[in-house]
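Work through the exercises below with the structure open. Try each task before reading its solution.

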Amino acid sequence: MGRFRFQLWPVLILVLSISIFNGACSSERDSPEAQVRALLAQGEAAAEKKESGVLRQMVSEKYADSQGQDKKAIDAILRYYFLRNQSIHLFTRIRLINFPQPGVAQADVMVAMAGQPISGAEELERLRADLHRFEITLARENGEWKVIRAEWRRAEFADFL
C-alpha cells in the first residue's frame, strides 16, 4: 500500500489517541489527565470511522495555529481527507501530558498513520506509515476539553519505541 500524503497537517491533530486506563478508580477517571486521555481516545475512534462531526466538536471555536488555520478550515480539510482516503488506521504513543495552568493542558503525542491496521511499533517501517509528533494545547471550555492549538513535525521510527 502506498505512503499516505498529509499535506494539510491540521487533520492530524484530530486523529490523536491514547488508551484510557481500564482499571482506574473513579477519582482517576475524573482527573483532568484522564479527561484529556478520554478525549484523545474518542478522537482516534472517530477518525478511523471518519466521523467528522464528532471531531469537529473536539475543536474550539477559538482554534488558531501558526499556519493560520481556524476551526472552519480544519472542518473543510477533514471532509476532503475522509473523501480521499478509503481507510485510516492509527498507532499512537503519548510522551507527555502536563497542565501549565488550571484549565489548560499540553500533550506531546506521536502518531503513525497508515492505510491498514498497525498492531505495533515494529510494523511501522514495513507499512511505510507516516510518522508525526504533535504538540497539542487544549483548554476547558464550558466543562469540556477542546483543542485550541496544535503544532507538528515529522517523527522518526525510533520515536515510537
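**Exercise 1. The cores**

Task: Find which members of the largest nonpolar core touch the most other members.

Solution. This is a predicted model. Its largest nonpolar core has 27 residues, and Val-36, Leu-55, Ile-136 and Leu-138 touch the most other members. Next, ask where the core residues come from. Helices H3 (32-48) and H5 each supply at least two, as do strands S1 (89-101), S2 (104-114), S3 (130-141) and S4 (144-154). A second core of twelve residues is separate; among its members are Met-110, Ile-118, Ala-129 and Phe-160. Nonpolar side chains tend to be buried together in soluble globular proteins.

**Exercise 2. Strand S3 and its partners**

Solution. Now take the S2 side. Val-104 sits opposite Ala-139 of S3. Turn to S4. S3 and S4 also pair in the antiparallel sense, over ten bridges. Here Ile-136 faces Ala-150 of S4. Ile-136 is also one of the residues that touch the most other members of the largest core. Finish at the turn. The S3–S4 hairpin has two residues between the strands, and Asn-142 adopts a positive phi near 50°.

**Exercise 3. Helix H5**

Task: Check the length of H5 against its residue count, then sort its faces.

Solution. Helix H5 covers residues 71-84, which is 14 residues. The expected span is 1.5 Å times one less than the number of residues. That gives 20 Å, and the end C-alpha atoms are 20 Å apart, so the two agree. Next, list the buried residues: Lys-71, Ile-74, Asp-75, Ile-77, Leu-78, Tyr-81 and Phe-82. Viewed down the axis, they fall within an arc of 165°, so they line one face of H5. The face turned away from them carries exposed Lys-72, Leu-83 and Arg-84. Last, look at the N-terminal end. Asp-70 caps H5 there, with a side-chain oxygen 3.3 Å from the backbone nitrogen of Lys-72.

**Exercise 4. An aromatic pair**

Task: Classify the pair formed by Tyr-81 and Phe-82.

Solution. The whole structure holds three aromatic pairs. For Tyr-81 and Phe-82, the ring centres are 5.9 Å apart and the planes make an angle of 55°. Stacked needs under 30 degrees and edge-to-face over 60, so the pair counts as tilted. Now check burial, where the cut-off is under 20% relative accessible area. Tyr-81 has 6%, so it is buried. Phe-82 has 8%, so Phe-82 is buried too.

Definitions and conventions. Residues numbered from 1 in each chain as written. Predicted model: local features only at pLDDT ≥ 70, side-chain atom pairs only at ≥ 80, totals over all residues. Heavy atoms only, no water. Phe/Tyr/Trp six-rings, centres within 6.5 Å; stacked < 30°, edge-to-face > 60°. Buried < 20%, exposed > 50% of the residue type's maximum accessible area, 1.4 Å probe, protein only. Helix = DSSP H or I, 4+ residues; strand = E, 2+ residues; numbered from the N terminus. Arc of directions from axis to C-beta. Polar contact = N/O pair within 3.5 Å; in protein donor to acceptor, adjacent residues only side chain to side chain. Core = buried A, V, L, I, M, F, W, Y, C linked by side-chain atoms within 4.5 Å. Pairing = 2+ DSSP bridges.
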